[in-house]
Amino acid sequence: MPRIGCVGIIASLLFSAAYTDKAGATDLLSLMTEERQVWEPELSPVWMQAVGRLVMPGRRCSLIMVREPGDIETRVVISQFHCLADMFENPADKNSTALIGWKELQAHLNSKDGKVYRNLSVFRTGGNRLGGDWAIMILDKPVPVSEVYSFTLPQSPPPYQMDKEMAVGNSATATLPNAHRGNELSYDESCRFDALLKATGGDVVRVVECQMNDGASGGAYVGFYDDSKEPVLLGILKAISTEKPETGYYVHLGNLLNDIHQAISHTKNKSSTSQ
């Protein structure tokens, strides 16, 4: 059984303001040995296509494609609320979906045939809270699973810890030129569970030996059972903490799982009424 820890006020503050995803920000791990690997379409696992880029003026983050079991396409993606906070008229309102110039919000997705581009609108967010640092967005047009992989959602929350864990995001790197400043997808296979933190808005998990640099926020934290190659989406990455170089966090999927199912139902109902 994993060792469960509780978060205090000081620990909460450490990672609520310890990230920066602004374009042009300094690479906080420039002096470290780089452990992240760049995703390559012909060599890396196909499922990593599910992690795309969230693009907006002056900021870069990552996003995750999700779907219900059996669906052949999806219009729903998830990311982190703090990536969008500057675009909200009222960021403190967790039910607000009013964005300033939403047409400037785009998803850049990886497929076997190149990039796929979609505009985004916001469905729901967890608000300006530690465990609520999540956002659910709707693509303007559906993306077939045959074109871009998407994670299959569980019906109940996933575990907090698994046999093997991995972080995947459009992370800035210290020594990989193709992925510098988060321009390309990269991943770290050495991540592992450290502690469960009970935060406002839901559960946040601290992980160690895991590089999550600028641009990784909104990416996927996944786990695997034993030697299985089938990934389980555990949560949404937060960027690195300053408390020690290879410590990171993810918002647990259970915090927003019901909301994602509602978003998918919404897109299906809207599609059926428009036919």
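Which side chain meets that of arginine 206 in a salt bridge? In this predicted model, the partner is aspartate 194, with an N to O separation of 2.6 Å. A salt bridge here is a side-chain nitrogen of Lys or Arg within 4 Å of a carboxyl oxygen of Asp or Glu. Because arginine 206 belongs to strand S12 and aspartate 194 to strand S11, the pair ties together parts that are 12 residues apart in sequence. Both arginine 206 and aspartate 194 are buried (buried is under 20% relative accessible area, exposed is over 50%, and partly exposed is in between, with a 1.4 Å probe and protein chains only). Strands (E, at least two residues) are DSSP runs, numbered from the N terminus.

The whole structure holds six salt bridges. Among them is the one between arginine 192 and glutamate 209, whose closest N and O atoms are 3.1 Å apart. Glutamate 209 sits in the loop between strand S12 (202-208) and strand S13 (220-224), and has a positive phi of about 55° although it is not a glycine. Arginine 192 is partly exposed at 41% relative accessibility, and glutamate 209 is partly exposed at 36%. Another salt bridge joins lysine 198 to aspartate 203 (3.0 Å, N to O); here lysine 198 is partly exposed at 49%, whereas aspartate 203 is buried at 12%.

Residues are numbered from 1 along each chain as its sequence is written. As the model is predicted, local features need pLDDT of at least 70 and side-chain atom pairs count only at pLDDT 80 or more, while totals for chains, interfaces and linings use all residues; side-chain values use heavy atoms, leaving out hydrogens and water.

Notes: Helix = DSSP H or I, 4+ residues; strand = E, 2+ residues; numbered from the N terminus.
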